[in-house]
Amino acid sequence: MHTSALVLFSGGQDSTTCLAYALDRYERVETIAFDYRQRHSVELEARVVVLQKIREQFPHWAHKLGEDHLLDLAVLGAVSETSLTRETAFKMESSGLPNTFVPGRNLLFLTLAAALAYRRDLQVIVTGVCETDFSGYPDCRDDTIKAMQLALSLGMDKRYLIETPLMWIDKAATWRLAHQIGGSGLVDLIVEHTHTCYLGDRAHLHAWGYGCGSCPACELRAKGYAGYLASGAHQSVQAGIPTKAGK
Ligand code: ZN
């Protein structure tokens, strides 16, 4: 039985939902993120605030939430030319992929996460990759993750489980999942403190959170939030009731 997890936690909506998912079901949870000289350090700042707010507002999770690890991955920014690491506008490439695609990024993240999980004796790696919405990033595909799970388990001679709670759900369902796990308190925390906008905009507050409102990440987040409200899930009285056994 799995009791401990390492969450790839960037400070965005998806990874915060994954963190709550892990805290809801595992006894010991640690977090990891990578500084690859993203154009905006807003996300890296957001993650510190989100961790602090979770500790304050979810005392039944606070004791499970262990060390946070921030690894320097400047080398990734050095080898890639993308709109996430350079001052270039978002656009679609002729390959059909957006220029926010950083080749090898998730493969590298998972490899380093597994190496850290090995040292910290953590059994499960949780990541918010998703095949459902937008992007089509090839390193977010379910097959890629399964291949990585196999390669890492063989290569480190340790049985890893890589969990992807968001793989087959859209953004509206991601908001619903957050509500199901942590109630409106968690949804409010995600709205106010997580960051997704590609432009690093923290000046404009919308119902769904801060952002420019017009980049693809903002559009996706806003559309998902509207779908979440339309579903009526935010009014559910089941909110905040623990969803998993074994706590
Ligand atoms: Zn934006």
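Student: What makes R28, E30, E67 and R120 a network?

Tutor: They are linked to each other by salt bridges. Keep in mind that this is a predicted model. One of the links joins R120 and E30, whose closest N and O atoms are 2.8 Å apart.

Student: Why is the R120 and E30 pair called a salt bridge?

Tutor: Set the value against the cut-off: a side-chain nitrogen of Lys or Arg has to be within 4 Å of a carboxyl oxygen of Asp or Glu. For R120 and E30 the closest N and O atoms are 2.8 Å apart, so the pair counts. R120 lies in helix α5 and E30 in strand β2 (residues 28-35), so the bridge ties together parts that are 90 residues apart in sequence.

Student: How many salt bridges turn up in the whole structure?

Tutor: Eight. Among them is the one between K171 and D14, with the closest N and O atoms 2.9 Å apart. That pair links distant parts of the chain: K171 is in helix α7 and D14 in helix α1, 157 residues apart. K171 is buried as well, because its relative accessible area is 10% and the limit is 20%.

Student: Why does the pair K158 and D121 count as a salt bridge, with N and O atoms 3.6 Å apart?

Tutor: Same test again: 3.6 Å is within 4 Å, so K158 and D121 pass. K158 sits in the loop between α6 and β5, and D121 in the loop between α5 and β4, so the bridge ties together parts that are 37 residues apart in sequence. K158 is at 18% relative accessibility, so K158 still counts as buried.

Student: What makes D157 exposed or buried?

Tutor: Its relative accessible area is 72%, and the line for exposed is over 50%, so D157 is exposed.

Student: Now the metal. Which residues are the protein donors of the zinc ion?

Tutor: The SG atoms of C197, C212, C215 and C218, lying 2.3 to 2.4 Å from the zinc ion. Along the chain the donors follow the spacing C-x14-C-x2-C-x2-C.

Student: Why is the arrangement around the zinc ion called tetrahedral?

Tutor: The four donor atoms subtend angles of 105 to 117°. Ideal angles for four tetrahedral donors are 109.5 degrees.

Student: How do you know whether C215 and C218 are buried?

Tutor: C215 is at 7% relative accessibility, so C215 counts as buried. C218 is at 1%, so C218 counts as buried too.

Student: How do you know that the length of helix α1 agrees with what a helix should span?

Tutor: At 1.5 Å a residue, the 13 residues of α1 (residues 13-25) should span 18 Å. The end C-alpha atoms are 19 Å apart, which agrees.

Student: Why say that α1 is largely enclosed by the rest of the structure?

Tutor: Because eleven of its 13 residues are buried. Those include T17, L19 and L23.

Student: Which residues have the most contacts inside the largest nonpolar core?

Tutor: L19 and I125, in a core of 63 residues. Helix α7 (residues 171-193) gives the most to this core, with nine residues. Leaving out residues up to four places away in sequence, L19 touches V7, F9, V29, T31, L51, I54 and L65. In soluble globular proteins, nonpolar side chains tend to be buried together.

Student: What makes H193 buried or exposed?

Tutor: H193 lies in helix α7. Its relative accessible area is 14%, under the 20% limit, so H193 is buried. Beyond its neighbours within four places in sequence, H193 is in contact with A46, V49, V50, K53 and R202.

Note on methods
Residues numbered from 1 in each chain as written. Predicted model: local features only at pLDDT ≥ 70, side-chain atom pairs only at ≥ 80, totals over all residues. Heavy atoms only, no water. Core = buried A, V, L, I, M, F, W, Y, C linked by side-chain atoms within 4.5 Å. Buried < 20%, exposed > 50% of the residue type's maximum accessible area, 1.4 Å probe, protein only. Helix = DSSP H or I, 4+ residues; strand = E, 2+ residues; numbered from the N terminus. Contact = heavy atoms within 4.5 Å. Expected span 1.5 Å × (residues − 1). Donors = N, O, S within 2.8 Å, 3.2 Å for Na, K, Ca; no water. Tetrahedral: all angles 85-135°; square planar, octahedral: opposite > 155°, others 65-115°.
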